[in-house]
Every structure is written in C-alpha cells, then in structure tokens.
Amino acid sequence: MKMSIIRGLFLFVAGAGCATVVAQMYPLPPITVEEFQERMDRTMRELVELGAYVHSIDDARIKIGLIACTPTPLPKMPAGAVDPRQLSWGVNAVFAMNNARMLGDQEPVAESVEKCRPVRR
C-alpha cells in the first residue's frame, strides 16, 4: 500500500514535469487558419510597401529613398498576391535590420542619395 502511494506520487510529479516542459516549448497561444491567413496578408502588404522604399542593402546597412521607387507599370497580380520583387526587397530589409541589431547597430537605416533605377539587383 505504501509503495503504491509513493509510486502514484512519483508518476504524478513526472507527469506534471512533462506538462511543464511541453508548456514552455509552445509559449504562443493557438491560432486559427483564418487569423493566420489574415495576419500573413497584412504582413505581406506592409513588407511590399516598405520594400518600395529600399534602394540598396550593403553590410547590414539599409539605404532608403524618401519616395518609393516602384516599377511602372505595376504588374497585374491575382487577388491576394503582391509584387514579388518588392516583397523580396522588404524581406531582405527585415533580415538586414535584424542582423544589424544583433551586431549592436541601433540605426541601420540611412537615407540614399541615389536616384531611382529601373533595374535593381
């Protein structure tokens, strides 16, 4: 009888410990498919808008223009899609900003004096 109580207590503590470990592995609350898609759409639109201002990214320094350098005419996109070039520029700027912050640079964005070019790398 005494052994089964100790065994039960041990199993309870082991189960509680496992639950604690699992809870720490997934700290974010659950998300629905609709909410995830809505947030992704909003994020893509914001990245495209920011990507339109990016002139160049060199050594974790982001050079932006005061006016957007969007290619004209803008390509026709299906509903919900965005210009992949501007999305790429926006995503690369986010990575450069994060890399700069990891290296201790708190102001990685600089104003560009270059004029808009129709072809970018």
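Colleague: Exposed means over 50% relative accessible area, and buried means under 20%. With that settled, which exposed residues does α3 carry on the face turned away from its buried side?

Modeller: Pro84, Phe95 and Met102. Keep in mind that this is a predicted model.

Colleague: And which residues of α3 are buried?

Modeller: Gln86, Trp89, Gly90, Ala93, Ala96 and Ala100. They cover an arc of only 125 degrees around the axis, so they sit on the same side of α3.

Colleague: Why would residues spaced like that point the same way?

Modeller: An α-helix has 3.6 residues a turn, so residues three or four places apart point the same way.

Colleague: What do the buried residues of α3 pack against?

Modeller: Three elements: α2 (33–51), β1 and β2 (61–64).

Colleague: What span should α3 have, given its residues?

Modeller: Helix α3 covers residues 84–102, which is 19 residues. At 1.5 Å a residue it should span 27 Å. Its end C-alpha atoms are 27 Å apart, so the two agree.

Colleague: What happens at the ends of α3? Start with Asp83.

Modeller: A side-chain oxygen of Asp83 comes to within 3.2 Å of the backbone nitrogen of Arg85, at the start of the helix. After α3 comes Gly104, with a positive phi near 100 degrees.

Colleague: New topic, the core. Which residues make up the largest nonpolar core?

Modeller: There are 5: Val54, Ile62, Trp89, Ala93 and Ala96. The largest share, 3 residues, comes from α3. Nonpolar side chains tend to be buried together in soluble globular proteins.

Colleague: Now His55. Where is it, and is it buried or exposed?

Modeller: His55 is in strand β1, residues 54–58. His55 counts as buried because its relative accessibility is 9%, and the cut-off is under 20%.

Colleague: Which backbone nitrogen lies 3.5 Å from a polar atom of the His55 side chain?

Modeller: That of Gly65.

Colleague: Let's zoom out. How many helices and strands are there, and in what pattern?

Modeller: The protein has 3 helices and 3 strands. Along the sequence they run α-α-β-β-α-β.

Colleague: How much of the protein counts as buried?

Modeller: 19% of its 121 residues. The protein exposes about 9900 Å², and carbon and sulfur atoms supply 65% of that area.

Colleague: Last one. Among contacts with a separation of 6 or more, what share joins residues 24 or more positions apart?

Modeller: 65% of them.

Definitions and conventions. Residues numbered from 1 in each chain as written. Predicted model: local features only at pLDDT ≥ 70, side-chain atom pairs only at ≥ 80, totals over all residues. Heavy atoms only, no water. Helix = DSSP H or I, 4+ residues; strand = E, 2+ residues; numbered from the N terminus. Buried < 20%, exposed > 50% of the residue type's maximum accessible area, 1.4 Å probe, protein only. Contact = heavy atoms within 4.5 Å. Areas by Shrake-Rupley, 256 points an atom, 1.4 Å probe, with all protein chains shown as cover. Polar contact = N/O pair within 3.5 Å; in protein donor to acceptor, adjacent residues only side chain to side chain. Expected span 1.5 Å × (residues − 1). Arc of directions from axis to C-beta. Core = buried A, V, L, I, M, F, W, Y, C linked by side-chain atoms within 4.5 Å.
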